[in-house]
Every structure is written in C-alpha cells, then in structure tokens.
Amino acid sequence: MRLLDTKGDLAVLAFLRPEGSDGLLDMEGCGFEALPKEVWELPGRTALVALQLTNNRLKDLPQGMSALVGLTRLVVDNNLLRQLPPVVLTLPSLAILMASGNSITHLPDTLGSAHQLQALILHSNQITQLPDSITCLTNLKALAVTSNRLWQLPAGTWACTALKLIDCSHNMLARLPAGLGKLGKLRNFKLTHNKLSCVPVEELQQLQSLAELHLSNNAFTVRWDKQICN
C-alpha cells in the first residue's frame, strides 16, 4: 500500500511505516458507498493494522469499525466525507490518519482524545480552523493540511512538542500563533501560498532542529530582517 509519497516534505513520515505488509487490507477503488460489515467481523480483525479505502464513495464509516482495536493506519483519501467519522477517534491504536481529497469542513473538539495519533494528513479539504483540542496530541509528529481554508492555527500549537513536520501551504493564514519557538523537534515548516504579512523571526530562530522553512507566495511587504510580528 502506498501510504504516501516519501519524497519531499512527507519523507519524515517514512519512519512511521511498520516493516512488511502483515495485517494490511487494501480495498482501494472498489466503488463502496458503505463499508462491508465483513471488514470488522473477520475472525482475524484484531490483527488488522492497516486499512486502505482510497478512491471509494464513502460518506461515513460505521461504528462497527471500533472492533478494529489493532488498527494503526487508516487511509480514506478521495471519498465523499463531509466530516471526520466519529468512530475514527475511538480506534485505540490509530497512529496514522489520512483523509485527503474529501469535503471535510471541520474537525471535532474530541480530536484531542486521540492521544496516540502520530500523523494527521488532511490535504485538499474545506477545513476553516483546527480545534483547540489538537494541542492535546502530544505524540503528533506530522500535521499536513495543505489546500484547505485555514485562517489561523490554534494558539497552543506549541504544545504539540513532538511535531517534526507542519505543512499548511495553500491556506489563508494571516498570522502565526505565539510560542512556536518551543517546537524543538520541528524540522520542516511549510507555509507557502498563504496571506502572511510578517513572521515571528525571533521564535523561528529558536527552532534548533529546523532544516526547511518555506515561505514563498505570501504577502510580505518589508525586508526579512524586519518581518517581526508584535
């Protein structure tokens, strides 16, 4: 299963991928409008660790999926989801969630209860803001939400201290929250194609692990050494 393209900004996720393909169920492009109950009624359902549901016609996921207690990777890219199915947040082992190319408009406040989540990939949806509870995801290593409608990041984003990748390119961000300098493990920060007029330079200089910073196509109006937000 191709969880992601390991080139470029998502390469940091490669280490999250377990060895081998044991426990993988690939149901990509099957035309499903509803997930067959056999998925969570299989005798070996507790051994299922990866479920690929890309390119179907799913509008929701059934509560019966909560039986998949060993599931660590769920991929529901390119479906018809308008919200994050509630059952997703009941999966106790889920570490990687990919739901790009849907029509998700918001994320529930209960997102913060998914403490085990390490990667949240939600490209090309219609999300306008992230819930404040995302700051409870202290194991989150990758947050990738390009091509949405985000106008701000939660004030406490700095509390996600495990973050190594933040990709918020192609959104509507006008400012960055305070405290970003506390993200000591952050290596890749992508903010291209937003509406930023300034950046907190002093905080960015505190990011000792930062290897890539992408800021092209924003609304900067003065020299870099003056791009300080008060």
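Strand S2 (residues 50-52) and strand S3 (residues 73-75) pair in the parallel sense over three bridges, where two strands count as paired if DSSP finds at least two bridges between them. Strands are DSSP runs of E with at least two residues, helices are runs of H or I with at least four residues, and both are numbered from the N terminus. Within this pair, leucine 51 has leucine 74 of S3 as its bridge partner. The model is a predicted one, in which local features need pLDDT of at least 70 and side-chain atom pairs count only at pLDDT 80 or more, whereas totals for chains, interfaces and linings use all residues. Residues are numbered from 1 along each chain as its sequence is written, and side-chain values use heavy atoms, with hydrogens and water left out.

The pair belongs to an open sheet of nine strands, which follow one another in the order S1-S2-S3-S4-S5-S6-S7-S8-S9 with parallel pairing. At its edges lie strand S1 (24-26) and strand S9 (212-214), each of which pairs on one side only. From one strand to the next the twist averages 5°, with axes taken as lines fitted to C-alpha atoms and angles running from 0 to 180 degrees between N-to-C directions.

Between strand S7 (165-167) and strand S8 (188-190), the loop contains serine 169. Serine 169 is buried because its relative accessible area is 3%, the limits being under 20% for buried, over 50% for exposed and in between for partly exposed (1.4 Å probe, protein chains only). The side chains of serine 169 and aspartate 167 are joined by a polar contact of 2.9 Å, that is, a pair of N or O atoms within 3.5 Å of which, within protein, one must be able to donate a hydrogen and the other to accept it, and residues adjacent in sequence count only if both atoms are side-chain atoms. Beyond its neighbours within four places in sequence, serine 169 is in contact (heavy atoms within 4.5 Å) with residues including Val145, Ser147, Lys190 and His193.

Histidine 193 itself sits in the loop between S8 and helix H2 (201-204), and its phi is near 55°, a positive value in a residue other than glycine. Most residues other than glycine have a negative phi. Asparagine 217, in the segment after S9, has a positive phi near 60°. Histidine 193 counts as partly exposed because its relative accessibility is 34%, and asparagine 217 is partly exposed because its relative accessible area is 48%.
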